[in-house]
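Student: I would like to go through this model and ask what stands behind each label.

Tutor: Fine. Ask for the value and the criterion each time.

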Amino acid sequence: MMINTQYKQFLIIAIFCCLLSAITTIGIHSNLFDLGELSFDERIRLFENSKYIAKRFWVIAHCLFVLIAMLGFLLIQFKKSSGFTVLGFIFFSVFSFTEIFRQIFFLFSMNNLRRSYIETTDVAVQEMIQINMDHAGLIGYALFGLFIMAFSLGNISYGISLFGGKKIDRILGCLLLIWGIKGLIGFGNQFWESESLGQFTKYFSIIYQPIIRTLIALWMISKYKQIVTNNVKDNSFFT
């Protein structure tokens, strides 16, 4: 059946995106796009900074990779735990589109404010633009909080969905739960402002996240092989 062929083809794409998300995760949490300490004048001219622009598009690509990969997870796991799997994908969708919106917001809205600040010579206008940039930063901060919470709840939901499966499924489920709980702790630290928790989150992100994303991809590959073996009869979301 053509639909089964498309189903398998999409799973291959989802697995590939999951592996790519492991790579983009390293780029996000490493020093690849680190700009160092910036003066006010340097921050105002960030719209001219190629590394700054590249990071925004890198994050957008990462979010798209995660969304496609998690849709593949949904298609694999749906019949075994439809409720938690669908709930998890909803959270991942909120995470992806929130972060994509946040990046586009900075690329267009914030960068245009920066450009306007440089182009005007009126001090009063510059002060007004600076206030608007401060407010825009607060909006971005709020969106960041939503993105952390949605991502964490997505991991927890997907983790729970695996508890009724085989041993390897339950192990992956536990790893996802750890990831989700850590995310909620990170969300709380936005209020607690603990330096030690902040350092833990930093190293957790650069080490744990690429590993778990790779493990998810390997899990999806094993499920894909089962689907191919069974000719998609028992595993397809569509049957």
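Student: Where is Glu193 found?

Tutor: In this predicted model, Glu193 sits in the loop between helix 6 and helix 7. Helices here are DSSP runs of H or I with at least four residues, strands are runs of E with at least two, and both are numbered from the N terminus. The model is predicted, with local features needing pLDDT of at least 70 and side-chain atom pairs counting only at pLDDT 80 or more, while totals for chains, interfaces and linings use all residues. Residues are numbered from 1 along each chain as its sequence is written, and side-chain values use heavy atoms, with hydrogens and water left out.

Student: What is phi of Glu193?

Tutor: Phi of Glu193 is near 55 degrees, which is a positive value in a residue other than glycine.

Student: Why is Glu193 called exposed?

Tutor: Exposed means over 50% relative accessible area, buried means under 20%, and partly exposed lies in between (1.4 Å probe, protein chains only). Glu193 has a relative accessible area of 65%, so Glu193 is exposed.

Student: What makes Arg45 and Glu48 a salt bridge?

Tutor: A salt bridge needs a side-chain nitrogen of Lys or Arg within 4 Å of a carboxyl oxygen of Asp or Glu. The closest N and O atoms of Arg45 and Glu48 are 3.2 Å apart, and the pair forms a salt bridge. The structure holds three salt bridges.

Student: Why are Arg45 and Glu48 called partly exposed?

Tutor: Arg45 has a relative accessible area of 41% and is therefore partly exposed. Glu48, with 49%, is partly exposed as well.

Student: How do you know that Glu99 and Arg102 are separated by about one helical turn?

Tutor: Glu99 and Arg102 are three residues apart in helix 4, so about one helical turn separates them. Their side chains meet in a salt bridge at 2.8 Å, N to O. Glu99 and Arg102 are both buried.

Student: Which parts does the salt bridge of Lys223 and Asp169 involve?

Tutor: The side chains of Lys223 and Asp169 meet at 3.4 Å, N to O. Lys223 lies in helix 7 and Asp169 in helix 6, so the pair ties together parts that are 54 residues apart in sequence.

Student: Are Lys223 and Asp169 buried or exposed?

Tutor: Lys223 has 6% relative accessibility and therefore counts as buried. Asp169 is buried too, with a relative accessible area of 2%.

Student: What makes a region a pocket, and what makes a residue part of its lining?

Tutor: On a 1 Å grid over the protein atoms alone, a pocket is an open set of points with protein on both sides within 12 Å along at least five of seven lines, and lining residues have an atom within 4 Å of a point. The largest pocket is lined by 42 residues, of which Ile28, His29, Lys55, Arg102 and Phe144 lie nearest its centre. Its lining takes nine residues from helix 7, which gives the most.

Student: What is the volume of the largest pocket?

Tutor: The largest pocket has about 1500 Å³. A volume is the space filled by probe spheres set on the grid points, which are joined across faces, edges and corners.

Student: What is known of the second largest pocket?

Tutor: The second largest pocket is lined by 13 residues, with Arg43, Leu46, Met110, Arg114 and Met133 nearest its centre. Its volume is about 280 Å³, and helix 5 gives the most to its lining, with four residues.

Terms used. 1 Å grid on protein atoms, 1.4 Å probe; cavity = no way out; pocket = protein on both sides within 12 Å on 5 of 7 lines; lining within 4 Å.
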